Amino acid sequence: MTEHLSILVLAAAPGAMIGLLAMGLITVHRSSGVLYLAQPTVATAGGFLFVEFSQRIEPLAAVIVASALTGALSVLIRFIVMKPLQNAASLTKLVASIGVSEILAGVLLIRYGPTVYPAVPVLPQGSVELPFGIAAGIDRLLLLAIAVAVTGILWAVYRYTRFGLQTNAIAESPFFAGLFGLRSGRLATLNWLIAGVLAGFAGSILTSVNGISATQLTGLIIPILAAAVIGQMSSFPLAMIGAIGIAFLQAEASNQTSTPGAADLAPFVILLAVLMIQGDKSVMRNFTAPRLPALGSGRVRWVTAAIISGVVLASIYTWISPTLLHALLTNFAVAIILLSIVVITGFAGQLPLSNMVIAGFGAFCAANVAAKWAWPFPAALLLGVVVAGALSGLQAIPAMRLKPVNFAVVSLAFGVFMSSAVLLSTEGIAVPAPTVFGFDVGIIRHPENYAAFVFVILVLVMIAVTNLRRSRSGLRMITVRGNERVASSIGIKVYWTKAVAFVISGAVAGLGGVLMAYQAIWQSFEAFTPWGSAQLISWATVGGVALTPGPVLGSSLAPGSLGTLVGTAVYDDAAILAAVGGVLLILTLMVHPDGAANLVSQVRERVRRRRAPVALIAGTPRSESVEHQKAPLMRAEGDRHTGRTLHVSGISVNFGKVQALTDVSFHVRPGTIHGLIGSNGSGKTTLLDIISGFTKPSSGQIRLGDQPIDHMPAWRRARLGVGRSFQNGQLLSDFNVRENILITGVATGGWAVVDLVAPRTPKLGSTGLAVARKLELDEVLDARIDSLTHGRRQMVSIARALSAAPALVLLDEPAAGLDDTERQELRDLLRQLASELNIGILLVEHDVALVLEVCDIVTVLDGGCVIAEGPPSSIRESAAVRAAYLGEELAAAEARVEGVGGVSS
């Protein structure tokens with residue numbers, strides 16, 4: 001007992017400093033929605049400021065000055081970096097914080113180098129006796145007391161002062177806070193100032209106790225994040241308690257076992273557990289919708305690739321010097337690892353901050369089997385690829401439940417744990433020189449052979465990733481990245497798609513990691529760090545995170561690459577590269593988020609447009625549009641979806657104490673249009689979500705034909721014939737019109753491994769083309785979604801739902817934003833679709849007149865209950881409906897119906 005209490009007393013003071021840093025992170029996130037990964041680096045800057053001033057003034061005064069200047073630095077970062085990105089997505093801000101950290105780390109390394117500066121005591125020394133015979137340092141007790149006092153002050157300020165209440169209001173709802181006139185910019189500045197002062201104070205105190213180096217505090221990011229998550233990104237007392245508890249657990253783990261990684265296991269487990277339990281209600285929210293990076297076309301330019309490859313290979317064997325060759329080798333290997341980021345982030349929309357560690361783990365496995373069991377190089381390489389792919393695939397489990405920004409945090413913690421448990425605990429492994437098919441490609445005797453081998457692998461991986469972009473597997477990933485609900489609604493298994501993306505990404509990272517490690521016979525794994533994983537995102541973003549040429553450009557920012565040669569030639573210090581990389585990252589996010597490779601693509605596209613005939617740019621290729629112009633709008637013979645009735649029986653659902661739906665029942669028969677109307681909040685969209693499989697009812701049953709579907713996931717229901725459109729269309733901006741329609745045909749089929757080698761680029765089938773012609777979309781199939789009118793976008797949404805030939809289509813406000821002419825065209829279209837395709841249409845629409853004109857049966861909801869059901873004529877005469885609508889909207893609907901001569905039936 002005494003031993004554990006002694007450990008707690010020793011851990012409390014450093015834990016309290018971690019708590020202060022966590023509280024600073026909370027203040028930034030509250031006011032700006034930024035998950036600020038640069039907080040430990042800012043604290044490091046504060047520590048060095050303390051070192052500078054402690055040589056001139058008293059140490060205690062140096063702490064005060066360093067804290068104030070660090071606060072000013074934090075405000076400067078907000079104005080220069082974060083304010084221009086205030087409307088960006090949380091993931092973009094997170095990546096920007098990585099850039100800030102790179103800049104600060106680079107500047108500190110340039111100024112101070114890797115030297116560890118000694119501690120400069122600030123508080124009184126000595127010890128006192130506590131109960132149970134525990135000795136405690138006076139300075140540790142004072143630090144704990146100061147931290148508790150600061151926690152109490154911040155709690156009171158944010159709970160009772162006007163400033164604190166306004167900050168809390170912005171944290172709850174930035175939009176509504178703005179409507180009430182709150183000055184979010186001024187509040188954010190004050191919160192960043194507080195965060196900086198806390199970072200400066202914690203950095204100064206930690207420096208006074210342990211000394212300081214330029215990279216010493218970066219490893220604290222996971223305990224800081226874990227403490228902030230324990231505090232639910234809002235509670236200062238909980239964050240402080242969590243920080244002290246984490247410090248205690250880490251100290252206990254270090255005391256009880258020498259197992260590598262034991263001390264890093266506690267914060268990782270805490271982060272994972274808390275965020276997984278929170279799930280979609282997790283505390284780190286996106287303040288705005290994400291802007292997705294631009295995608296390439298997926299076409300391989302064979303002539304260009306052959307010319308460039310020939311020039312590079314010839315140069316390797318002729319004129320390139322050994323120094324330049326080693327730099328190129330780093331570029332090639334890092335570019336392969338960066339291609340793993342293209343797959344998982346560019347295509348699948350996930351942000352793992354662990355890929356460099358996974359690459360190192362692949363290298364670790366390959367080196368071990370080569371050294372201990374004399375595995376040949378190709379077999380060891382294959383093992384490293386497989387193991388890295390499997391390890392990465394495990395990340396799909398939390399990725400399925402967590403939002404991208406929360407998953408990024410968990411993956412970073414995972415990388416820290418794996419790095420300390422495996423990679424950093426290995427001193428080094430001597431491996432035999434590699435041979436491939438009898439050819440010596442060892443780096444010592446034949447560096448040119450190894451460089452050529454790695455380059456060929458890079459080219460092959462680039463081709464494979466490009467193939468993936470246009471394949472069925474790749475289109476599924478891009479759909480999931482764009483909108484997971486849409487992906488599920490058209491039959492895509494979101495979890496499986498993410499898992500495939502993670503496995504491919506990990507395998508590519510493992511391949512690059514093995515090739516990177518084999519640049520030396522004595523392999524150490526110090527380069528495969530958790531912070532290196534964060535830097536991968538930085539390098540990929542600068543190059544172009546969703547473009548296969550991007551990694552080639554971004555790899556020059558890696559240590560030891562061509563960028564290092566240039567940096568040391570210009571400024572005789574490789575540390576300049578980190579600062580330059582951070583600056584380039586932030587400029588890229590501000591000016592051109594799609595990366596440098598996209599600039600080249602834009603120039604090429606402009607040249608192509610100038611040379612191409614106008615007709616080929618604006619419309620559909622004649623071979624498709626003319627050939628299918630008269631394609632009949634009918635089902636394929638023997639379609640299993642045809643003629644099935646939707647049965648909704650006794651559906652009820654509640655959200656906490658709110659009863660959203662109560663005992664709702666109705667039927668939608670083939671060939672009919674069933675309207676669902678009701679006031680706002682009556683449960684219409686909730687009912688569509690229940691039928692689609694996105695919301696689970698409290699009671700009741702849903703059947704399609706004779707088959708119960710209420711226990712099936714959304715993707716399964718879609719494959720059985722339930723089609724769906726969404727409010728505002730929710731089209732996929734990554735795709736053009738053609739791809740938005742054909743995506744329903746790629747929900748199944750296509751093996752990922754085959755797609756990497758021989759992709760089967762999907763085409764728009766006869767049903768999709770016929771639907772496009774019927775909806776007058778055949779002339780805009782190659783148009784971008786953002787170039788369409790609102791009415792055309794609604795038609796694309798309907799076409800996507802119909803292209804899979806469903807038995808039932810759920811249309812959620814398809815007339816929203818349409819003018820009178822477009823509404824009339826929609827009315828005629830719905831009648832034709834229902835009769836020609838023999839499908840049931842469930843129409844949710846606020847335009848009551850349209851519903852009464854076009855529907856065969858109408859169900860009216862009010863307060864989650866069915867108050868009327870029947871043909872439009874009976875709905876117009878219903879007293880209950882008139883009372884629910886106050887007579888006004890229904891009267892207007894009657895006038896419109898009489899004006900067009902009644903209801904079609």
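Which residues are linked in a network of salt bridges? The network comprises R485, D689, R724 and D812. A salt bridge here is a side-chain nitrogen of Lys or Arg within 4 Å of a carboxyl oxygen of Asp or Glu. The structure holds 16 salt bridges.

The model is predicted: local features need pLDDT of at least 70, side-chain atom pairs count only at pLDDT 80 or more, and totals for chains, interfaces and linings use all residues. Residues are numbered from 1 along each chain as its sequence is written, and side-chain values use heavy atoms, with hydrogens and water left out.

Individual salt bridges were examined next. E52 and R111 meet through their side chains at 2.8 Å, N to O. This pair links distant parts of the chain, 59 residues apart. E52 belongs to helix α2 (residues 39–54) and R111 to helix α4 (residues 90–112). Helices are DSSP runs of H or I with at least four residues, strands are runs of E with at least two, and both are numbered from the N terminus. E52 is buried, at a relative accessible area of 16%. Buried means under 20% relative accessible area, exposed over 50%, and partly exposed in between (1.4 Å probe, protein chains only).

A salt bridge also joins R738 and D782, with the closest N and O atoms 2.9 Å apart. It too links distant parts of the chain, 44 residues apart. R738 sits in helix α31 (residues 737–742). D782 sits in the loop between α33 (766–774) and α34 (790–802). R738 counts as buried because its relative accessibility is 11%. D782, at 30%, counts as partly exposed. D786 forms a salt bridge with R784, where the closest N and O atoms are 3.3 Å apart. D786 is exposed, with a relative accessible area of 51%.

Aromatic pairs were searched across the whole structure, and 17 were found. Rings of Phe, Tyr and Trp (its six-membered ring) pair if their centres lie within 6.5 Å; planes under 30 degrees apart count as stacked, over 60 as edge-to-face and the rest as tilted. The ring centres of F268 and F414 are 5.9 Å apart and the planes meet at 50°, so this pair is tilted. F268 lies in helix α11 (residues 262–278) and F414 in helix α17 (residues 404–423), so the pair ties together parts that are 146 residues apart in sequence. Both residues are buried.

F332 and F455 form a tilted pair, at 5.2 Å centre to centre and 50° between the planes. F332 lies in helix α13 (residues 322–347) and F455 in helix α18 (residues 447–470), so the pair ties together parts 123 residues apart in sequence. F332 and F455 are buried. One aromatic cluster is formed by F377, Y450, F453 and Y518.

Arginines also lie over ring faces. The criterion is NZ of Lys or CZ of Arg within 6 Å of the ring centre and within 35 degrees of the ring normal. R485, a member of the salt-bridge network, lies over the face of F694 at 4.4 Å from the ring centre. R78 lies over the face of F79, at 5.2 Å from the ring centre.

N191 lies in helix α8 (residues 184–210). N191 counts as buried because its relative accessibility is 0%. The N191 side chain reaches the backbone oxygen of L187 at 2.7 Å. N191 touches T27, S31, Y158, F163 and T167, not counting residues up to four places away in sequence. Contact means heavy atoms within 4.5 Å.

Note on methods:
Polar contact = N/O pair within 3.5 Å; in protein donor to acceptor, adjacent residues only side chain to side chain.
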